[in-house]
Amino acid sequence: MSAKAISEQTGKKFLYNNNTLAAVQNRFRYVNVTPATDLNRLAQEHPWLLTERLVVKPDQLIKRRGKLGLVGINLDLQGVKEWLKGHLMKEITVGRAKGVLKNFLIEPFVPHTQDEEFYVCIYATREADHVLFYHEGGVEVGDVDAKAQRLTVAVDDKLSDTQVKEQLLTHVPDDKKDVLASFIVGLFNLYEDLYFTYLEINPLVVTKDGVYVLDLAGKIDATADFICKAKWGDVEFPPPFGREAYPEEAYIADLDAKSGASLKLTLLNPQGRIWTMVAGGGASVVYSDTICDLGGVDELANYGEYSGAPSEQQTYDYAKTILSLMTREKHPNGKVLIIGGSIANFTNVAATFKGIVRAIKDYQGPLKEHEVSIFVRRGGPNYQEGLRVMGEVGKTTGIPIHVFGTETHMTAIVGMALGHRPIPNLPPVAVHTANFLLNANNSPMTPASSRTASFSEPKTTNDVTPPKKSKAGLPPAKATTLFSSHTKAIVWGMQTRAVQGMLDFDYVCSRDQPSVAAIVYPFTGDHKQKFYWGHKEILVPVYKNMADAMKKHPEVDVMISFASLRSAYDSTLEAMQYPQVHTIAIIAEGIPEAQTRKLIKIADEKGVTIIGPATVGGIKPGCFKIGNTGGMLDNILASKLYRPGSVAYVSRSGGMSNELNNIISRSTDGVYEGVAIGGDRYPGTTFMDHVLRYQDTPGIKMIVVLGEIGGTDEYKICQGIKDEVITKPVVCWCIGTCATMFASEVQFGHAGACAHQASETAVAKNQALRDAGAYVPKSFDELGDVIKSVYDDLVAKGTIVPAQEVPPPTVPMDYSWARELGLIRKPASFMTSICDERGQELIYAGMAITEVFKEEMGIGGVLGLLWFQRRLPRYACQFIEMCLMVTADHGPAVSGAHNTIVCARAGKDLISSLTSGLLTIGDRFGGALDAAAKQFSKAFDSGMLPMEFVNKMKKDGKLIMGIGHRVKSINNPDMRVQILKDFVKQHFPSTQLLDYALEVEKITTSKKPNLILNVDGFIGVSFVDLLRTCGGFTRDEADEFVEIGALNGIFVLGRSMGFIGHYLDQKRLKQGLYRHPWDDISYVLPEHMSM
């Protein structure tokens, strides 16, 4: 959401920290008081409290505090303390909101007269910012909207002192005009710079000393955080008065901030029995409306939504938060949980439901104890699998879970949950997401001619209507028809799934060519990206910059922007530089309102239609769809979106637009065109823009509008109907009727879904539409019935003549999606049993990485998991780490280190230098661990005495691996071996093979003192003892690890540390190319060559 109210303290901080407002006198002089404040220490921390007269007031977004007697004026510090004793933690009622006073502001009292008080307010609308000024201020200012002077500043325009004086300060004494004009201009600049959406000061006091800001209320655009973070600092947004700030809300807000998805939670009544977990910003409002319509407002516990394809883990975290909250207090009538949603466009329903199922399993005990019944309704990609797992968990846990799909009206489960309608015992619906693979008529293609017009008017073409010619001096008019069967688009962003969905839609609509001409993606070089066109593969060009794409594809007239909220503004500005572009869809949510308003202004000047921001896009059946609109092919076929019908719709919500596709396809001959304008406060185009387009389109016979609380766009439709500019039947319903029933203000999922005055409520707008002559149902539940009634009437009059259905061509399913649905199986190219990175957390041999650290397993423990798939005993982990330490390096003279050094000095990189050293490891250097383990094990296991083993190896002419050292001897022992020996003897349960090897050493050193058991041999035989006696392996498993070379891995891993050290050492010392000296080479040539 965008516009969020800030505390008075935060607003004044913004003002006081701004150097341009030099006239402000009372800067940095305030104290915040909460229940945790020690009132007796106030004077020590703020000495000025002892010398000033003071004002104290609550700072909790309470309006008209003066009239409510909530301001203590002209008090000394003792008076403030007495005043706080009577108000701190006191419960009061403001309007219908009941809350506790717990946050106060103490400021210096400013002595002044009534004629020194003024009123100033700045607020934003779609086309401009408005500055209101009144020459009287304070508690009795009255209706400022009616009597204040008003100055309108168009978007991107500046405010001057002259304008302020001439238009606002006409009733102000001359001696105060200059200072007030300067202050108001500075205030406006601050308002713009800090992305305020509303800023009110009342009273603003101007004395001979300067300007004093007494009371302030403000809202800032929270989505501008990425722009204003350095200027704002850390901002806390207080809840509306009457609603507590709960830690669970903060937790979900934090999840939301860290996620690309949308996660919202507002607690309304934690003791309530009706809880919701709804997918989609629009759908969440519809469910709340329906609950309140059916009398559940006092029992509605929460408002919230999850959308934007959250991961399984994110959905799990969201669900467990709600389940935790609803199972804290019992309700005598039990509780209900409504897991609802519209038909998703791109969210994998099964994946999100898996997260919810995990949470239900974790909370199954408390859910049964609190007698919770769960009602589920959902549609969208893979929803059948999602509903199946949800039904299964109900059976296995014993929790009553009632599951419904798209065959059930979206809000029908609310009536079932509240006991207003029976729960049908539906048999399982025999459908699957894979249905679109089947073609009942065996028709390879659908004749293109049947797709070119409204379903009821097969002969009308769907080509683009050129923009109407604008009058001289006026900006160019926008096109009536945005999309046709020949529309070509550029997609900004590497959204391969969305592009493939568009191409599949094109194919099933029997388009001649794909609608996506190119992709722009600045983060890679120019290349081609492979996609499917029906059964064939095609290449779509990808460009690094937009200029190249536009130049090479002059036929493109639509841009679909998947740019992030940070880059959407710049990329849209760039797209509008090209006259060929007449429609731009902006998908991103969270673009600051000020940026959107600038885009709207430029688009209007250039005659460009913007759909969005914060939208899924739009769809024109049989012609074109934007990105993920309409969902997957099974939904497109189910809702008959492959050919045009007679009904056009416009909504704010993307998810609800897909629900409208479903409702309209079940009630009429289908959709002609549908657009989701987006949930922001200032969408690029309005309801009226599209309704007028539909009015001018012959193939459209009736119009459906799904309006929303907030804004006044719907009143333009009312006026259009009254003025007979709109003559086609309009069915309209505004969601958000529940808002008027809540005691405190609730910001719904969409940024624009908040009423700032009575006329912006859904109830008021529905009544106005009804009065104007639109067809308005009593509730969303009845929307489908009203649409059907109007449609049937048009058919009866002959206005609509339904045509015969023609089956679409089949489109093969992508392999990855078919596998997701469990429709196919294929042998894997790889198998692994040691690690799994697919989930939320990395897993080592079945152990989560957080557990690895929590239990301090160390490198030895990790190596045990990854190499041996065992959780080894502590002493075994320590032994592994000791082996790595003693084998890490043995100086620069050994072959591996030497090779690494030579390679590093030749200018090679780390990987190449390390590899050259590792390639020298073998039986002669470092690779004797496995060989020693095998030789000693074989001799010991066969019952051969040590002397017999030595004699046999000598007789066979073989070296005993692990015996012998170039430098060390029985008289100059290797301390590495001694350290390991002491540890092994102290900690290993048994050392049979090591003892055997030490007996062999006694024999070999008696012949030659340097034929000792070296570090390779020691580690090899000790590891065999470890594997055989630690209790984690069978004898066969232990022998297998030796056989497959696991022990040499210890030397490779350990020595890699040393090789890297030598590489870094040579680079640090800046050593040049190595050339071996001649005098260290013996040149031995054949005699005939030397002659």
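**Rings and a pocket in a predicted model**

Arg-358 lies over the face of Tyr-316, at 4.0 Å from the ring centre.

Me: Before we go on, what kind of model is this?
Reply: This is a predicted model.

Me: Where does Arg-597 lie?
Reply: Arg-597 sits over the face of Tyr-682, and its distance from the ring centre is 6.0 Å.

Me: Now the rings themselves. How many aromatic pairs are there?
Reply: The count comes to 21 aromatic pairs. In one of them, Phe-118 and Phe-133 have ring centres 5.8 Å apart and planes at 20°. Planes under 30 degrees apart count as stacked, so this pair of Phe-118 and Phe-133 is stacked.

Me: Which strands do Phe-118 and Phe-133 lie in?
Reply: Phe-118 belongs to strand β8 (residues 117-124), while Phe-133 belongs to strand β9 (residues 128-134). The pair therefore ties together parts that are 15 residues apart in sequence.

Me: And is Phe-118 buried or exposed?
Reply: Phe-118 is buried, because its relative accessible area is 1% and buried means under 20%. Phe-133 also counts as buried, at 1% relative accessibility.

Me: What about Phe-868 and Phe-1041, how are their rings placed?
Reply: Their ring centres are 5.0 Å apart and their planes stand at 75°, so the pair of Phe-868 and Phe-1041 is edge-to-face. Phe-868 is in helix α27 (residues 858-868) and Phe-1041 is in helix α36 (residues 1035-1043), so the contact ties together parts that are 173 residues apart in sequence.

Me: Is Phe-1041 buried or exposed?
Reply: Phe-1041 counts as buried, with 13% relative accessibility. Phe-868 is buried too, at a relative accessible area of 1%.

Me: Which residues form one aromatic cluster?
Reply: The cluster is formed by Trp-867, Phe-868, Tyr-875, Phe-879, Phe-988, Phe-1023, Phe-1033 and Phe-1041.

Me: Changing topic: how much space lies in the second largest pocket?
Reply: The second largest pocket holds about 1100 Å³ of space. It is lined by 33 residues, and the closest to its centre are Arg-924, Gly-964, His-965, Arg-966 and Asn-1014.

Me: Which elements give two or more residues to that lining?
Reply: Those elements are α32 (946-955), α34 (992-1007), α35 (1015-1029) and α37 (1046-1068). The largest share, 3 residues, comes from α32.

Me: Last one. How many nonpolar, polar and charged residues does the lining of the second largest pocket have?
Reply: There are 14 nonpolar residues in the lining of the second largest pocket, together with 10 polar and 9 charged ones.

Key. Residues numbered from 1 in each chain as written. Predicted model: local features only at pLDDT ≥ 70, side-chain atom pairs only at ≥ 80, totals over all residues. Heavy atoms only, no water. 1 Å grid on protein atoms, 1.4 Å probe; cavity = no way out; pocket = protein on both sides within 12 Å on 5 of 7 lines; lining within 4 Å. Points joined across faces, edges and corners; volume = space filled by probe spheres on them. Helix = DSSP H or I, 4+ residues; strand = E, 2+ residues; numbered from the N terminus. Nonpolar A, V, L, I, M, F, W, Y, C, P; charged D, E, K, R; others polar. Phe/Tyr/Trp six-rings, centres within 6.5 Å; stacked < 30°, edge-to-face > 60°. Buried < 20%, exposed > 50% of the residue type's maximum accessible area, 1.4 Å probe, protein only. Lys NZ or Arg CZ within 6 Å of the ring centre and 35° of its normal.
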